[in-house]
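Open the model in your viewer and keep the sequence panel beside it. The stops below say what to select and what to look for there.

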Amino acid sequence: MIRSTILGVTLASLLISGQAGAVELPDPASVRTDRLQLMQGFPPAADKQITQASFMRPYPNPRWSFHHAREFFPSRRVARGNEGVYVLPRAEGQEQRIAGLTFTGPEGREMTFQQYLDETYVDGVLIMQHGKVLFEQYEPGVDESEPHILWSVTKSVVGLLATQLIAEGALDPEALVTSYVPELAESGWKGATVQQVLNMTADIDYSEVYADRNSDVVKYSLAAGMAPVPQDYAGARDLYSYLPTIGAGPDEHGVAFRYRTTHTEVLGWILRRVTGLSTAALIEQRIWSKLGAEQDGYMLLDAKGAEWAGAGFNVTLRDLARFAEMVRLEGKFNGHQVVSPEVIRTIREGADREAFKAAGRDYQPGYSYRNQWWISHNPDGAFEAMGVHGQMIHINPAVGLVMVRLSSHPIASSGQTMPYTIPAMAALADLLR
């Protein structure tokens, strides 16, 4: 397994190549959570201890740490509220049928759905159809009541809230970013609109290439507090100090999609200005307290208390399924119209598919990116939220299908898992039609 050290900080999870096959992966059975015995004992043995510096690497530390992020980073609660738990109804007798489903994976390989789950290092997966749970499975040793970090699935939650505020008239998508956050007046977001930030077509001088040790994603991660900052580091040590330092890109805004987490951090800043609420409080008040969730969630914070709007939400698998089902139902869930139907319809419309090609994400053919959601434009109208290391919400409206997946894949990039996920989801949809 490759390790890279930048500025004295191990950030290999952000720097290992995201190309399929570029790194030899461990046998999933050899890194089963229940067999690793990480952080067991009082105190744990030296070779089983995980600290903030080793939260991401060496692998397989994430198999444990992704369920325990609040033990390493400051966090803010997203309370489940005072309503009773919405019990997810279940349809019995589908588990073996789904686990044994076969499909053709990368390089023409025939594989079962269970092999797909195992070989993509899934920590937990839940599949629903028409609101009923068909399949729920956890990695042995995983505590199903412990929130798991969502990484960039967080973006889609924030994007949903922004779209709702636009529908209410509280946020103007054509307004300049700097009209809400004047601190960015001399940054790369000068002249960019809120909608261009939502669609990640604002052009800034920032690279997010996990395989590049010189990528700007390292500066972002240090500003967010994702790893200990070296004492002699001269860069920004919090998000709102870092964002204004990012300059303009070479192209005009609105032309090309390029995936950059810093856009979502700017969006989070805008939402705080518009609502007067922290990101955690906004999610709690507008969404989480209405879902009948089982557990509180939490947001991770930088050194000055700003949430990682692009990466820091942590929730349980079943609560993520409740959120995803609410989205499938165009915002109506648990007796509440949580978000307006037009919000979901707006997202599902998608964006410019030609602009999407600029990102070079060939493993997502035909996709576009709209309001922080990935739109497949396939015949079923499937759309998704995705995060590094294998986090996902997949919604197929035509089949009434929702799949939520929490993972700790050794490689960050979705380029490793999507060649498996796209045919697996197509086969699952065909099975359930």
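In which helix is Phe113 found? Select Phe113: the residue is found in helix α5, which covers residues 113-119. Keep in mind while looking that this is a predicted model.

**Confidence**

Colour the chain by pLDDT. The average is 94, and 94% of the residues score at least 70. Over residues 1-21, however, the pLDDT is below 50. Beyond near neighbours in sequence, that stretch still has 67 contacts in the model.

Return to Phe113 and show its surface. Is the residue buried or exposed? Phe113 has a relative accessible area of 0%, so it counts as buried. For a distance check, pick the C-alpha atoms of Phe113 and Leu25: they are 19 Å apart in space, while the two residues are 88 apart in sequence.

**Salt bridges**

Now show the charged side chains. Side chains of opposite charge can pair when their charged atoms come close. How many salt bridges does the count come to? The count comes to 27.

Start with Arg32 and Asp34, whose closest N and O atoms are 2.6 Å apart in a salt bridge. Arg32 is partly exposed at 24% relative accessible area, and Asp34 is partly exposed at 28%.

Move to Glu136 and Arg90, a salt bridge with its closest N and O atoms 2.5 Å apart. Glu136 lies in strand β7 (residues 132-138) and Arg90 in the loop between β3 and α4, so this pair ties together parts that are 46 residues apart in sequence. Glu136 is partly exposed, with a relative accessible area of 22%; Arg90 is partly exposed too, at 41%.

Then select Arg328 and Glu325, which meet in a salt bridge at 2.7 Å, N to O. Both residues are in helix α13 (residues 317-328), and because they are three residues apart, about one helical turn separates them. Arg328 and Glu325 are both buried.

**Asp302, a charge without a salt bridge**

Select Asp302 in the loop between β9 (297-300) and β10 (313-315). Asp302 is buried yet has no salt bridge. Which side chain of opposite charge is nearest to Asp302? That is Arg272, 6.9 Å away. Look instead at backbone nitrogens: that of Leu239 lies 2.9 Å from a polar atom of the Asp302 side chain, and that of Gly305 is reached by the Asp302 side chain at 3.0 Å. Apart from neighbours within four places in sequence, the contacts of Asp302 include Pro74, Ala223, Ala224, Tyr240 and Trp308.

**The four-stranded sheet**

Finish by switching to a cartoon view and selecting β3, β9, β10 and β8. These four strands form an open sheet in the order β3-β9-β10-β8, with antiparallel pairing. The edges are β3 and β8 (148-149), each of which pairs on one side only. Zoom in on β8 and β10, which pair over two bridges in the antiparallel sense. Which residue in β10 is the bridge partner of Ile149? Select Asn314 to see that partner.

Technical notes. Residues numbered from 1 in each chain as written. Predicted model: local features only at pLDDT ≥ 70, side-chain atom pairs only at ≥ 80, totals over all residues. Heavy atoms only, no water. pLDDT = per-residue confidence, 0-100. Contact = heavy atoms within 4.5 Å. Buried < 20%, exposed > 50% of the residue type's maximum accessible area, 1.4 Å probe, protein only. Salt bridge = Lys/Arg side-chain N within 4 Å of Asp/Glu carboxyl O. Lys, Arg positive; Asp, Glu negative; His and termini not counted. Polar contact = N/O pair within 3.5 Å; in protein donor to acceptor, adjacent residues only side chain to side chain. Pairing = 2+ DSSP bridges.
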